[in-house]
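This report covers the pockets and the helix packing of one model. Look over the sequence and structure first.

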Amino acid sequence: MRVALLTGGGDCPGLNAVIYAAVKKGINKYGDEFVGFLNGWRGVLDNNWIPLTLERIDGIQLLGGTILHSSRTNVKKIPGGIEQVEAVLKANKIDALIALGGDDTQSVTLALTDAGIPGVGVPKTIDNDINGTDATFGFDTAVSIATEAVDRIRTTADSHNRVVVIEVMGRDAGWIAYAAGVAGGADVVLVPEKEIDIDHVSALLKYNYDRGKHYGLVVVAEGCHLPEVGQVTGSAEVDSFGHARLSGIGEKLADLIEKKTGFETRSVNLGHTQRGGSPTAYDRLLGQRYGLHAIDMVHAQKWGRIAVLRGTDITDITIKEAIATNRRLDQRFFDVITDLEAKV
């Protein structure tokens, strides 16, 4: 078969591992030929692609980002977009498409498969919020980076007797904040699934201060809601899928904490640092397992389905199910955060 791959949406450590495994197995086991469309769905619309050979993919599983580059392109919003994609795939004699991306990218994959275009999906996001899968590659790397940042910020916060608010990614899901905050021993962990209670946050920090701890660490997810200001965005603009760019809640929260407690408070936004660099060993392994399953899905003609991790097994579900809702933290994880907090 002649198979095309693309990576859409935000970049993510582990994407290259998926490409590596799918191409390697496809060539060695099935005798497939591969092309990679550049810049996500934009590359398909522009007929912009490169051949993917064993020589080209050698060693890419070690690299962060994506060798195919990416974009946030919503084919569904472009007049005649679905038909244009179909024409480009036909002109290049593509038998099947493997799309690597989150719920936005996969919503396009679903629209294409509904139109009769053979395609399968691989879930991608550092946010770990895709429904139906227990883990997404890139999450472990992002948490490792965020946890190291919490560890490093602890020493400077302690040295200057400051509270430091650390803003992490995650959009509307608190997985990174939860994992990095708990692993890093933050005094306060704030997630989008629960509205921020600034009085409770202040009480926790004051409790510690009164007992001799003259610094504090607060980890907050970018998508959290502050009753005083709502959800904080870095720009009024939205992307082609209607998403605002979330950024800045850490700074707003730091100002409120300083006013409420009188403690000198600073903020740090880890931003895209969490998405960069080489993937962890776990994410390299998980990405490759997804890639291996994806090419098997192609040869089983499981169109409109997406690879998922269930327990320790890689299997697949419908893309429709995967993008129907986001996977969020629930009471089990709230209890972990609460059980580790000071009792105020």
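## Pockets and helix packing

The lining of the second largest pocket divides into nine nonpolar, two polar and four charged residues. Here Ala, Val, Leu, Ile, Met, Phe, Trp, Tyr, Cys and Pro count as nonpolar, Asp, Glu, Lys and Arg as charged, and the others, Gly among them, as polar.

The model is predicted: local features need pLDDT of at least 70, side-chain atom pairs count only at pLDDT 80 or more, and totals for chains, interfaces and linings use all residues. Residues are numbered from 1 along each chain as its sequence is written, and side-chain values use heavy atoms, with hydrogens and water left out.

The second largest pocket holds about 260 Å³ of space. It is lined by 15 residues, and Val189, Leu190, Lys194, His200 and Glu341 lie nearest its centre. Two or more lining residues come from each of β7 (188–190), α8 (198–210) and α12 (331–340). A pocket is an open set of points on a 1 Å grid over the protein atoms alone, where a 1.4 Å probe fits, with protein on both sides within 12 Å along at least five of seven lines; lining residues have an atom within 4 Å of a point. Its volume is the space filled by probe spheres set on the points, which are joined across faces, edges and corners. Helices (H or I, at least four residues) and strands (E, at least two) are DSSP runs, numbered from the N terminus.

The largest pocket holds about 730 Å³. Its lining has 36 residues, with Arg72, Asp127, Arg171, Glu222 and Arg275 closest to the centre. The elements that give it two or more residues are α5 (103–114), β6 (163–168), β11 (233–238) and β12 (244–246). By class, this lining has seven nonpolar, 14 polar and 15 charged residues.

Axes are lines fitted to C-alpha atoms, for helices over the stretch in contact, and angles run from 0 to 180 degrees between N-to-C directions. A crossing is left-handed if the near helix is turned anticlockwise from the far one by less than a right angle, and right-handed if clockwise.

| Helix pair | Angle | Axes | Crossing |
|---|---|---|---|
| α1 (15–30) and α10 (281–299) | about 45° | 7 Å apart | right-handed |
| α6 (139–160) and α7 (175–183) | about 45° | 8 Å apart | right-handed |
| α7 and α12 | roughly 30° | within 11 Å | left-handed |

The contact of α6 with α7 is made by Phe139, Ala142, Val143, Ala146, Thr147 and Val150 of α6 and Trp175, Ile176, Ala179, Ala180 and Ala183 of α7. Contact means heavy atoms within 4.5 Å. By class, this contact has 10 nonpolar, one polar and no charged residues.

Helix α7 also meets α12. Trp175, Tyr178 and Val182 in α7 touch Phe333, Val336, Ile337 and Leu340 in α12. That contact has seven nonpolar, no polar and no charged residues.

Between α1 and α10, the α1 side includes Ala17, Val18 and Tyr20, and the α10 side includes Arg284, Gly287 and Gln288. The residues of this contact divide into nine nonpolar, five polar and four charged.
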